[in-house]
Amino acid sequence: MITHTARPLRVVLYEGNGAIALSAPARAQVMAALLDKGYAVTRATAQGASGFPHDDRSLLVLGQFQNQQAPDLEDATGKVTIEARDITGLETLDIVSLVEKARGNKPMNQPGTWKPWFPVIDYSRCTNCMQCLSFCLFDVYGVSKDGKIQVQNNDNCKTNCPACSRVCPEVAIMFPKHQSGPINGEQVNEEDLRREKMKVDISSLLGGDIYARLRDRSEAAKSRFSKERSADKALEERKKCLTKMAQDGFIPAEVLASLPSPDEIMRKAEEAQAKAQAALNGNGNPA
Amino acid sequence: MSETSPSTKLLYCRCAYAQVVPQSVKDGVLAKLCDSGAGFESVADLCEMAAHRDERLKAFAESTPIRIAACFPRVVRGLFRQAECSLPEDGVEILNMRVQTIDEVAEGLLKA
Ligand code: SF4
Ligand code: SF4
């Protein structure tokens with residue numbers, strides 16, 4: 001689970017009673033500048049606040065207050081620190097520096113320092129086949145307690161690499177920051193489902209049609225599976241597939257350069273298959 | 001343009017971390033929101049919040065009826081689900097700034 005959310009304060013642009021509203025263009029400019037810096041901004045008007053619960057521990061209220069005097073504000077519950085600042089006559093840049101100053105040296109996630117690149121599963125399409133889990137070499141996928149495929153380590157995902165979206169037979173894997181559809185989340189159409197380039201045959205990567213076998217619970221099928229699977233072949237096929245995707249310009253060359261060692265790949269593949277097998281067996285334990 | 005019912009919450013996503021929403025559309029929609037009398041919430045990037053399992057997403061998901069200006073509805077629903085706070089089926093309208101026009105999105109947000 002990722003825990004490094006750093007959001008030290010929420011900015012409230014207050015234009016309710018007791019404050020003079022900004023002009024519409026000035027308001028849009030201030031909001032855009034703060035959002036582009038990574039702040040969350042609430043616009044509160046005489047019509048009411050935004051109506052969302054204020055769950056933040058720290059609020060910075062900006063307004064053109066009467067007599068240019070920011071009021072003393074206090075949260076009745078004592079849980080939220082509220083500070084108010086008067087912004088009368090300030091330009092957008094001055095307002096941004098005022099907010100930055102109020103934040104002080106508290107860390108904050110900021111645009112430009114990182115690209116939120118990770119797969120998002122459309123569960124209305126996903127059939128829980130586990131092919132993405134077996135394919136990804138960077139442990140992005142995992143299985144939930146109730147046996148469902150899950151994106152667990154999204155920070156491990158290689159920026160600009162949407163390779164697993166090609167593996168998914170249901171076109172259920174989206175990368176929101178991808179430029180084109182259906183990977184960017186656009187509606188999937190029949191042609192997308194048919195398009196050969198969407199599909200990578202995962203079974204060839206792993207040496208045989210393992211998924212059909214995993215679903216077949218008979219012991220005979222399982223033992224055939226373990227005998228027929230060839231580690232070398234799997235490795236070779238996986239590399240071939242990734243190289244092809246890189247040549248097609250579908251994944252960045254850096255992804256190939258950052259692949260784990262062959263031994264590591266095989267170890268990960270074994271682990272992923274054990275997880276997938278357990279989930280497909282529906283008992284949470286590798287069979 | 002008619003005013004939104006005060007109980008309908010509005011959320012605007014700036015898509016600031018990788019900017020896949022066209023700049024002119026997100027600026028235009030923000031300008032229209034700022035031109036209206038409506039109070040609203042805005043965030044730098046819903047994708048970034050989902051990646052970090054930001055708890056504020058839960059507050060948004062529980063604040064229905066809600067209209068969200070962001071991108072493809074499949075993505076927005078997927079992001080909330082990934083952050084373990086699925087958006088309910090009812091009471092949520094998602095406007096798509098990647099494909100809809102400024103006017104379509106603004107009208108969808110601010111309709112009565
Ligand atoms: S490959 Fe696609 S359908 Fe299969 S589990 Fe992954 S997301 Fe679901
Ligand atoms: S939810 Fe859509 S609009 Fe918002 S940051 Fe992600 S891709 Fe951009």
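Ligand 2 has residues from chains A and B around it, so its site is shared between chains.

**Helix α1 of chain B**
- The buried residues of α1(B) are B:Val25, B:Lys26, B:Gly28, B:Val29, B:Leu30, B:Leu33 and B:Cys34.
- An α-helix has 3.6 residues a turn, so residues three or four places apart point the same way.
- Within chain B, the buried residues of α1(B) pack against β1 (9-13), β2 (40-43) and α5 (102-110).
- From chain A, α1 (24-37) and β3 (40-45) also pack against these buried residues.

**Chain B as a whole**
- Chain B holds 5 helices and 4 strands.
- Along the sequence they follow the pattern β-α-β-α-α-β-α-β-α.
- The radius of gyration of chain B is 13 Å, close to the 13 Å from the globule rule for 112 residues, so chain B is as compact as a globular protein of that length.
- Its C-alpha trace spans about 35 × 30 × 20 Å along the principal axes.
- Of the 112 residues in chain B, 64% are buried.
- Among contacts in chain B with a separation of 6 or more, 71% join residues 24 or more positions apart.

- Chain A supplies A:Pro176 and A:Lys177 to the surroundings of ligand 2.
- Chain B supplies B:Cys13, B:Cys15, B:Val20, B:Val21, B:Asp45, B:Leu46, B:Cys47, B:Ala70, B:Cys71 and B:Leu79.
- The shell around ligand 2 has 10 nonpolar and 2 charged residues, and no polar ones.

**Ligand 1**
- The residues around ligand 1 include the run A:Cys126, A:Thr127, A:Asn128, A:Cys129, A:Met130, A:Gln131 and A:Cys132.
- By class, the shell of ligand 1 divides into 8 nonpolar, 3 polar and 1 charged.

**Confidence in chain A**
- Chain A averages a pLDDT of 81, and 79% of the residues score at least 70.
- Over residues 206-215 of chain A, pLDDT stays under 50; the model has 29 contacts beyond four places in sequence for this stretch.
- Over residues 221-229 of chain A, pLDDT also stays under 50, with 19 contacts beyond four places in sequence.
- Where pLDDT is low, the predicted coordinates should not be read in detail.

Notes: Residues numbered from 1 in each chain as written. Chains lettered and ligands numbered in written order. Predicted model: local features only at pLDDT ≥ 70, side-chain atom pairs only at ≥ 80, totals over all residues. Heavy atoms only, no water. Near = heavy atom within 4 Å. Nonpolar A, V, L, I, M, F, W, Y, C, P; charged D, E, K, R; others polar. pLDDT = per-residue confidence, 0-100. Contact = heavy atoms within 4.5 Å. Buried < 20%, exposed > 50% of the residue type's maximum accessible area, 1.4 Å probe, protein only. Helix = DSSP H or I, 4+ residues; strand = E, 2+ residues; numbered from the N terminus. Rg over C-alpha atoms; globule rule 2.2 N^0.38 Å.
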